[in-house]
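Please walk through this protein fold with the sequence and the coordinates side by side. The paragraphs below take one region at a time.

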Amino acid sequence: MDNCVDQSSPKVPAPIVLLTDFGLQDSYVGIMKGVIATICPQVHCIDLTHAIPPQQVHLGSLCLKQAHGYFPPGSIFLGVVDPGVGSQRRAIAVDCGQAIYVGPDNGLGTGLWQERGIKRCVALTNADYWWEREVSRTFHGRDIFAPVAAYLANGVEFEQLGSPLDPASLISLPPSPLTITPERITGTIDYIDHFGNLISNIPAALVSAQDRVVYQNQSFPLGHTYNDVPPGTVLALMGSHGFVEIAVNGGHAQARLNAQIGDRLGVIR
């Protein structure tokens, strides 16, 4: 395939933001960036994370939901958490107005388009914008998604990428259970970060300082900072992502409480 690049325009495109479950010990991420640099050398690639646990599509979707608002208009979110690679699952691009998702149709983009809406979407069927017409069965990140994102950054019109799709046909992940009553909010642990903090799906805007968080038959006060309690003490607080979380000052809440994603917790008002 001819990968010639039109470099006549001085305009710097919005970044391509990469999210994968590839890790960094292998060459996969670097190869994708090499493809992007070949097609659109002027675009800036930003690594959101490559540490999504293998095949955990829902965690990738949550990371996109938490992060998309911190990037400039027009950013292209290139997501590859793709256990169905090589199967009949579709490769898609979704235009959310001020952001674009490029990746598999497996729900990974749900956190982005549920918040921003969908303007239009296409199946990536036009092989003119793939790396090669014969693609690998195991590395669509290199052969389809990275080149498509790069061509978009290089000014290719969205509709040229393939055939239009009905937005209602896209696979979307269901939200985590959240129940709200005047006396109690019940939610789940949606994410556990590198520090072992237990991040729930309970919006911080729904709680107040006098409320208490209940988890595993224990009750924890709501603090403002980790240092509101002595070192080694468990507390709940309103995290930077805007949701209630449980942490240990100077410690690791997941290890301390043997917590798992999907565990139920509550806020007593």
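G79 is a buried residue, because its relative accessibility is 1%. This is a predicted model, and every value below is computed from it. G79 belongs to strand β3, which covers residues 75–80. Setting aside residues up to four places away in sequence, G79 touches L19, Y101, V102, G103, P104 and L108. Another pair to locate is G79 and E132: 53 residues separate them in sequence, and their C-alpha atoms are 20 Å apart in space.

Strand β1, residues 16–20, runs parallel to β2 and is joined to it by 4 bridges. Within this pair, L18 stands opposite D47 of β2.

Helix α4 spans residues 140–153, and H140 lies in it. Is H140 buried or exposed? H140 counts as buried, because its relative accessibility is 9%, and buried here means under 20%. Apart from neighbours within four places in sequence, H140 is in contact with V85, G86, R89, V135 and F145.

Next, the cysteines. A disulfide is a covalent bond between the sulfur atoms of two cysteines. How many disulfides does the model have? With sulfur atoms required to lie within 2.5 Å, the count comes to 0 disulfides. For C40, the closest cysteine sulfur is that of C45, and at 8.7 Å it is too far away for a bond. C121 is likewise in no disulfide; the nearest cysteine sulfur to it, in C96, is 9.2 Å away. Both C40 and C121 can also be placed by their accessibility. C40 is buried, because its relative accessibility is 0%. C121 is buried as well, because its value is 3%.

Most residues other than glycine have a negative phi. N217 has a positive phi, near 60 degrees, although it is not a glycine. The residue sits in the loop between β11 (212–215) and β12 (218–223). N217 counts as exposed, because its relative accessible area is 83%. For N258, phi is near 50 degrees, again a positive value in a residue other than glycine. N258 is in the loop that lies between α5 (253–257) and β15 (264–268). With a relative accessible area of 59%, N258 is exposed; the cut-off for that term is over 50%.

The last stop is on the surface. Which residues form a nonpolar patch there? The patch consists of L178, I180 and L206, which together have about 230 Å² of accessible area. I180 lies in strand β8, residues 179–180. I180 counts as partly exposed, because its relative accessibility is 48%.

Conventions. Residues numbered from 1 in each chain as written. Predicted model: local features only at pLDDT ≥ 70, side-chain atom pairs only at ≥ 80, totals over all residues. Heavy atoms only, no water. Buried < 20%, exposed > 50% of the residue type's maximum accessible area, 1.4 Å probe, protein only. Helix = DSSP H or I, 4+ residues; strand = E, 2+ residues; numbered from the N terminus. Patch = residues over 30% accessible without salt bridge, like charges linked within 9 Å, V, L, I, M, F, W, Y side chains within 5 Å. Areas by Shrake-Rupley, 256 points an atom, 1.4 Å probe, with all protein chains shown as cover. Salt bridge = Lys/Arg side-chain N within 4 Å of Asp/Glu carboxyl O. Pairing = 2+ DSSP bridges. Contact = heavy atoms within 4.5 Å.
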